[in-house]
Amino acid sequence: MRSRLHFIFGFIWILGLTLHASAQTTDDLFNGDVLQEIRLYIDPVDYATFKQTNFVCLEQDLKALAGEFVSPLPRVECWFPVEFHWIFQGRDITLPQAGINSHGKGSRSNIKPSFKVEFTRYASQNTFLGLRSVVLRANTQDASQMHERVAMTFFRRLGIVAPREAHARVFLNDQYAGLYTVVEDVDPIFVQSNFGQSDGRLYAYEWAFPWGFDFRGPDPLKYSPLPLKPENNLVHLDPDPIVAMVRTINEAPDAQFSSAVSQYIDLNSLFRELAAEKFVADQDSILGDYALNNFYLYRFLGTIRSIFIPWDKSNAFWTLDWNIFHNFGSNVLTRRALAAAPDLIAIYRNALQQAADAAGGPGGWLEQEITKESQQIRQSVYEDGLKLCDHGATGILKPCSNDEFEAEVAFMLQFARQRSDLVRAQLSSF
Amino acid sequence: MRSILVIVWLAVPAILFAQNPGEVEEDTTAQDEAVHDSGGFARLSFKNRPSLRLGEIAEIDFKTKWHLDFRKFSPDIWNPPGVVTALPQDPQTFQLTRGRFGFKGHVTKYFDYEVEREMRKTFNDVNEWHPWKDNYVDFNALSWLHVKVGKFKVPFGLEELGAEDRLDYAHKSQVTDTLSPARERGVMLHSRFLRRARLEYEVGVFRYDGENSDIHGQPTAGRTYAARLTGQPLRLFSGLPRSIRHLYVGGAATRGRMFEGRNGIKGETVSGFTYFEHMYVRGYRTRVGAELAWAEGPFSVKGEYIHVSEERINQGIHGEDLPGKLTRGWYVTAGWTALGEMKARGTAPKTPFLRGHSIGAVELSARYDVLSFYSDPGPGLPSRSPRAPTILPNGERTWTFGPTWYLNRFLKIQLNAEREKLTDIERKAVLGITTFWTGVLRVQLAM
């Protein structure tokens, strides 16, 4: 009898725990109305090693992607075990064994590193709220620390599939490590939740050289794994549709350009995304100043058609008067669209108009969002003694002051108030 | 081209020794006699190897060992795109895996010595972390006390301590390769005692833990103590059947303090894929082993069990102590001389190939070895994290089988198939596959 009672109480206790745990969702983690708190615990020796190997690991990864044999000697540790804690409504939700490595290229820093936290690093079933991984972005190039989140929130408001994110105070071994953005990773789980499938081909664009969809020959290795790095289905790589896609972008007759390329790319979605990126004046994007960059490409299962997914908006809000056709001429796809596909340009112009409407002018949505976020993070930014920034994308990260934060917030507010009118003016003049 | 030259160069003496038609009518025992003797104080002879004898003062035997391997892996070695060294670079089908020169002998009746160096880096582009092999002096102080100083094998492991050129297989068992210490610099007391039971003791202290546990040539543990006791104790019981009395048994142990860091023993397939990563360790590494061997006529059986524990003091993420990491393995191997007849020592055929109608001897062997990595129970769910309190177990089970053709005392050819199966499907080398085959054809020349 007693053992039965124990069993029943035990069952109820486990049930309670389960219900308690299931009360949190990814919506809670990426809820921008809350300044999240994340605590990472890492062995101090591991963290010292992390800083030592931070840049070596990046170099090795790029070499491996380029097909070079990277010697295992000397042994370089790039992943480290951590204990991950998310403090939600006063409750500590813990994942005891996650893995971290350094994240980012130009934003990579040993003072305030960005982290990729891979919950499933040591066990595939070890998801956190159903997520395999998140990125803790240090926003080291952005004095406002808001470019990324404001831009992605705006994209989603426009109906563009984009990662969710929220600001978080991050503590490393109980020491405040600064204000970060917790970013939803673009992985098979992201693809599944947004497109209802994950067995297609997901590629991350790894910038290695300036490329604007020029045809580089029929060899698939010219396109993947670098710059298009496969993120899933690694056993059976299928890069041929990429070659065909690029060939079509370059060689399709003008008259059939839209229909031919649309076999390979969801052009409606792409041109809406391009419009959103142009509206927020993203200097480092698909049509940025460094040629193609900062996107994922997902090819739907059983098809040759792909969709672009935006990534890394650190360099958004670059200038107020960012030209809406900036760099259109340096990318084969947009150059040819401009010359021969008025239907695509019409989509683009409509999307820009919608973006301007959605952002609003003074007191509009964009200004409200910037005001809300800046108020939410201000104190945490002030307390962040490690914050970095890089005005003008010089490639050199430097310590960032509170005044620089305020100046950038002021600029973003000005951008929010004036950008819509400026874009409309450009639309009417082109 | 260089590989072909090596093969041709090595094949010349092998053919000469194996097929000398002039020796066909000679008594087979004559092979062990000197083929040339210069006479006088300094006498050069060729017994099992070229040998220089300086009266009763000293003897120098020259020795060499060559292994020429042709290897194939299935599935083929493969790296996922952009992953750093998930698997080693595609190896060449042909590899020179041994190319050693050395000499051994004695000075007076008190000193034995050996010097040996691996030279394959001269012919191959390989990493050879420890080119110097056995390099020691053994002082025969008393009949019950010998003192060995220098670099030699730590006294642990039946298969590890056997000469590589006398192995029944191209590769040692995974258990031996992973868990035995192998060579190290040190001092060892050893001798036989209780001769009727053929007992032998070995007790030593070594600078590090042995080369097998090194990581890219760097030791993972400091001063290590080792002891081993072996023999045939059943010989003391004259009432037992003769076939049981010569059962060989042994036990050994080592203990050394590990260097703090990611220095735990790792698991790796023959093809080089790491299926169990180095774990963070601190404290003592302790090995305990038991061994057994038996032979009767053309049949032989050997087996070994090894248990290794590695402490993980302060290795938790919060600096807490973690339960000890454990590695356990055993193997059993059996052989049968199916064709021809071997000499008593089992190193050469009684009648060499092409002498009379002899084909030499062919031995068929099979080995099964099991290797497991795990930990003492700890808090939380088992994980693959290198700082996991409870380590998610992993291991492999390996079947090795194939014939060894002993052409003569210098030359043998081995054809081995190895089937490895990993137990943790998420640590597999190639997605969707947990079973790995390795095929090896080895030509061995040793003298």
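The expected span of a helix is 1.5 Å times one less than its number of residues. Helices (H or I, at least four residues) and strands (E, at least two) are DSSP runs, numbered from the N terminus.

This is a predicted model, where local features need pLDDT of at least 70, side-chain atom pairs count only at pLDDT 80 or more, and totals for chains, interfaces and linings use all residues. Residues are numbered from 1 along each chain as its sequence is written, while chains are lettered from A and ligands numbered from 1 in the order in which they are written.

**View 1. Helix α8 of chain A, residues 267-279.** With 13 residues at 1.5 Å each, α8(A) should span 18 Å, and its end C-alpha atoms agree, being 18 Å apart. Here 11 of the 13 residues are buried, so α8(A) is largely enclosed by the rest of the structure. (Buried means 20 or more other C-beta atoms within 10 Å of a residue's own, exposed 12 or fewer, partly exposed in between; C-beta atoms are placed from the backbone.) Just past α8(A), A:Ala281 has a positive phi of about 55°.

**View 2. A:Asn139, in the loop between β5 (133-137) and α4 of chain A.** Its phi is positive, near 50°, though the residue isn't glycine. A:Asn139 counts as buried because it has 27 C-beta neighbours inside 10 Å.
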